[in-house]
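Dear colleague,

Please find below the structure that I am handing over to you. My findings follow it, arranged from the whole chain down to a single residue.

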Amino acid sequence: MARYSHIVGWGMYVPERVVTNDDLAKIVDTSDEWIRTRTGIRERHIVDKPNESTSTLAVRAARAALDKAGLPPSALDMIIVATSSPDHLFPATACIVQDALGATRAGAYDLSAACSGFVYGMAMAHGLIVSGQADTVMVIGAETLSRLVDWSDRNTCVLFGDGAGAIIMQAREEPGGFLASVLGADGSGANLLTLPAGGSKLPASVETVRNGDHYIKMDGRAVFRFATRVMAEATREVVEKAGLTLDDVELIIPHQANTRIIDSSVIKQLKFPKERVFVNLDRYGNTSTASIPIALTEAVEQGRLNPGDHVVFVGFGAGLTWAAALIQWGMPAPPLPTWKRWWYRFWYPWSRLLSAYRRLRRRVFAAWLGTKERSQEELESLRERTRRGTEDRS
Ligand code: UT7
């Protein structure tokens, strides 16, 4: 029996606080006119509460996607979070999301391919599904890049926004769904868009903080040139790989970085009709991995996709990386019965309670075990250390 992977759920979430170009003009030497004409961005959403982070945005988008699919979190076999601004270097943000959803059957990992990460994640999900390793996979793109930009650097702080988008991909027997993908990388351009410090190469120190090495650094012009080339090439390639032509594609959803990049790549180079390219970056800015799933959610809600339509997702980003995927849109899931909606609503507080119980149990167990072990092994090692210390001194 052939297996196909279809998108069966989608959802998005952006933080409440809106920052306009005029707001930014108050903190750096820029203007609404410059930002609009050079990027197409008018405003972006930014986290402004201390308890908001990439995982909290991801969880809100994930719940919306589960609602849309009519699935409980326990249906998920895998959660992939594509992000460049994870909650921590480790554990994976995906594990925090898995716990918050109460997706107790799911594996979870983060994927780092910058703005191309969401499409990379879709390709990984497709691989897991068609190989039979998973039936239902959630792919999330989530970012709080506002926590990583230097708010005094006008070259970068005007570009990015925070947000999250999620989809659920599921095994189906009907042909369609994920048809082809193109994934690429060119690490020789790694220095063009980077966050230099905080990893093993340049660990955090007073010096790195003083130099601002924990902020995003970018050679905007070089990234621009790269983006306009690869977006067109990757789109052309993925359409050919699926055995289609550009005329068969009803909608292109490009990574929402800059309207000039979208204009000069898919629209001018491919001569693709502008009205069949989805753009919403004017309201969100560049939300990196979240930009494509946020755009997809809005496209579906605006009725821009019908069953049977072919849609191309195409992105580029730090690495350098690029990625494109071609999907044949399927039938929407029937709306959830009310009792199921209520049951799922009840599930989240219940799973939070279970998670708190597991934490408590672990703590009690560790405290109990800790005292027992200390009384035997630690005493022995303490004796050994004291003996060695005495010998060294004598
Ligand atoms: O997801 C991937 C993330 N990265 C990207 O997508 C970035 C891709 N690159 C771009 O989108 C564009 O290169 C930018 C929007 C970043 C910059 O646009 P540009 O047309 O390439 O401008 P530029 O870097 O060539 O700068 C032109 C001028 C410079 O002044 P001088 O040297 O000509 O006097 C900049 O200093 O604009 C100046 N400038 C600004 N002026 C007002 C740069 N940023 C700003 C600003 N406001 N925010």
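**Overall architecture**

The chain contains 12 helices and 13 strands. Its radius of gyration is 23 Å, close to the 21 Å that the globule rule gives for 394 residues, so the chain is as compact as a globular protein of that length. Please bear in mind throughout that this is a predicted model. Along its principal axes, the C-alpha trace spans about 85 × 55 × 35 Å. Of the 394 residues in the chain, 45% are buried. When contacts between residues at least 6 apart in sequence are considered, 79% of them join residues at least 24 apart.

The pairing of E8 with strand E13 (residues 321–328) is antiparallel and extends over eight bridges. Within E13, Ala-324 is the residue that stands opposite Val-182.

**The nonpolar core**

In soluble globular proteins, nonpolar side chains tend to be buried together. The largest nonpolar core here has 109 residues, and the members that touch the most others are Val-97 and Ile-140. Which residues does Ile-140 contact, leaving aside its neighbours within four places in sequence? They are Ala-58, Ala-61, Ala-62, Val-81, Ala-82, Val-97, Ala-164 and Ala-166.

Ala-197 is located in the loop between strand E9 (193–194) and helix H7 (206–210). Is Ala-197 buried, exposed or partly exposed? Ala-197 has 18 other C-beta atoms within 10 Å; a residue counts as buried at 20 or more and as exposed at 12 or fewer, so Ala-197 is partly exposed.

Not counting residues up to four places away in sequence, Ala-197 touches Leu-202, Ala-204, Thr-208, Asp-213 and His-214. Gln-376, by contrast, lies 179 residues from Ala-197 along the chain, and the C-alpha atoms of Ala-197 and Gln-376 are separated by 42 Å.

With kind regards

Methods. Residues numbered from 1 in each chain as written. Predicted model: local features only at pLDDT ≥ 70, side-chain atom pairs only at ≥ 80, totals over all residues. Helix = DSSP H or I, 4+ residues; strand = E, 2+ residues; numbered from the N terminus. Contact = placed C-beta atoms within 7 Å. Core = buried A, V, L, I, M, F, W, Y, C linked by C-beta atoms within 7 Å. Pairing = 2+ DSSP bridges. Rg over C-alpha atoms; globule rule 2.2 N^0.38 Å.
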